[in-house]
Every structure is written in C-alpha cells, then in structure tokens.
Amino acid sequence: MDHKFSSTVVVIFFGVVAAVFLQCAEAQTVHVVGDSIGWTVPTGGASAYQTWAASKQFVVGDILSFNFVTNAHDVLQVPKESYDSCSSSNPIGDTITTGPVNITLSTAGTHYYICTLGRHCLSGQKLSVIVSSSPGGVPPTSTSTPPSTPTTPATPSPTSGTPADCAPTPASSPTPTRGTMSPPDSSSSSVFASFLVSLLSIAMGFLF
C-alpha cells in the first residue's frame, strides 16, 4: 500500500513539473533585437530594425534582449511622438546604459525604443514592436502590418531557471533586467518537458 502511494506521488510530481515547463516554453520567447547585428547604429538605417520586427511575433511575457556594449549605446522606451522625432522627452522609465539588457514586454500594444546617444536614433537605431496579448492575437490600436510567425532567437542567454519566472510581471511598463543574464531558451524547456512527459507515461505503464 505504501509503495503504491509513493509511486502515485512520484507520478503526480512529474506531471506537475512537466506541465510547468510546457507552460514556460509557450509563455516566454527571447527575441534578440536585430539578431546578429545586435543593438547598434545599423548600416541600412531604420529599415533594418523595421524589417527585423516585421519577421517576429511579440506576445505579452516575451523578452527583448538588447545586445550592446556598456556606454557605447543605451536603450530608452518612449511614446510614439518621441520615437518619430528621436527625442528623449517624455520617457517611459529610465534610460538603460548597461548592456546587454533584457526587457520583458508586460503590456499589449506598440512599444517604442531608441538609443539616446549622439545621432544614433536619427541614423536608424530605433525599434518599434507590436505586442499581442496572446499568440496569434491582434494587438490593440495596431496600424502596422501584423508580424509573421516567430523565429527562434539566434543567441538567447540564461536569467533564471525557476518556473515562477515564466509568468509575465503585471506591470504598466517593461521590466528591465541588467547584465548578461537572460531567460532560458524556450526550445530547451520544450525538450525537457517532452522528456518528462515521456518519463511520466513509462512510470504510469509500470504502475497500471
């Protein structure tokens, strides 16, 4: 009786862990801004980041990873008017000068980011992303062409391995995380979760 009870507890435990990892894999995607070019003054002007953003789908809970050298560039979220004029007036939050940095997309809608150093923004170092509340959802007040299917980030880097970190923070503005730490690659979480589900099936086969 005790053996059967212990086995049932183990099966339930593996099931819960697998469910958490599957949820984590679906809820969080790391988007490395600009992929290989990183966050810099693009040679092709502003169209470089417009093209990059158009190839992605951004969902609340996803993370923008800005790769840049500290003091060489910075990141500031601004309203559309400031984005269009490359002005740092009316900022949303503080200017982030330490790179690389990860910013969680915590609200749906269009988010605007610029580099405030020199003429970097005027030279094209600016990014706008349309964020949906759920995968495949249509973000509010969106006038741009909807982004296409998401692609796997080129170089995601680690922040935390705890399942609690998968849930997006319900804040009114993005939550920056400074330093080289970033969230786990969602594809690796998916593989691990699939492994746990398989292990759970085998365990249930032996018990029942």
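Helices (H or I, at least four residues) and strands (E, at least two) are taken as DSSP runs and numbered from the N terminus. On that basis the protein has 4 helices and 9 strands, which follow one another from the N terminus in the order α-β-α-β-β-β-α-β-β-β-β-β-α. This is a predicted model, in which local features need pLDDT of at least 70 and side-chain atom pairs count only at pLDDT 80 or more, while totals for chains, interfaces and linings use all residues. Residues are numbered from 1 along each chain as its sequence is written, and side-chain values use heavy atoms, with hydrogens and water left out.

**Overall figures**

- Of the 208 residues in the protein, 35% are buried, where buried means under 20% relative accessible area, exposed means over 50%, and partly exposed lies in between (1.4 Å probe, protein chains only).
- Among the contacts in the protein with a separation of 6 or more, 75% are between residues 24 or more positions apart, a contact being heavy atoms within 4.5 Å.
- The protein has an accessible surface of about 10,900 Å², and 61% of this belongs to carbon and sulfur atoms; the areas come from the Shrake-Rupley method with a 1.4 Å probe, and for residues only the protein chains shown count as cover.

**Aromatic rings**

- The structure holds 5 aromatic pairs; rings of Phe, Tyr and Trp (its six-membered ring) pair if their centres lie within 6.5 Å, and planes under 30 degrees apart count as stacked, over 60 as edge-to-face and the rest as tilted.
- One of these is the tilted pair of Trp39 and Tyr49, with 5.2 Å from centre to centre and 50 degrees between the planes; this pair links Trp39, in the loop between strand S1 (30–32) and helix H2 (47–54), to Tyr49 in helix H2, 10 residues apart.
- Trp39 and Phe66 have ring centres 5.0 Å apart and planes at 85 degrees, so this pair is edge-to-face, and it connects the loop between S1 and H2 with strand S3 (residues 63–66) across 27 residues.
- Trp39 is buried at a relative accessible area of 1%, and Phe66 is likewise buried at 0%.
- Trp39, Tyr49, Phe66 and Tyr113 together form one aromatic cluster.
- Lys126 lies over the face of Tyr83, 4.4 Å from the ring centre, where the criterion is NZ of Lys or CZ of Arg within 6 Å of the ring centre and within 35 degrees of the ring normal.

**Cysteines**

- The structure holds 1 disulfide, defined as a pair of cysteine sulfur atoms within 2.5 Å; Cys86 and Cys121 form it, with their sulfur atoms 2.1 Å apart.
- The torsion about the S-S bond of Cys86 and Cys121 is about -75 degrees, so the disulfide is left-handed.
- Because Cys86 lies in the loop between helix H3 (80–85) and strand S5 (92–96), and Cys121 in the loop between strand S7 (109–114) and strand S8 (126–132), the pair ties together parts that are 35 residues apart in sequence.
- Cys121 is buried, with a relative accessible area of 4%, whereas Cys115 is in no disulfide, and the nearest cysteine sulfur, that of Cys121, is 8.1 Å away.
- Cys115 is also buried, at a relative accessible area of 2%.

**Strands S3 and S6**

- S3 and S6 pair in the antiparallel sense over 4 bridges, pairing being counted if DSSP finds at least two bridges between two strands; Asn102 in S6 is the bridge partner of Ser65.
- In a regular strand the side chains alternate between the two faces of the sheet.
- From strand S6 (residues 101–104), Val101 and Ile103 point one way and Asn102 and Thr104 the other way, and all are buried.
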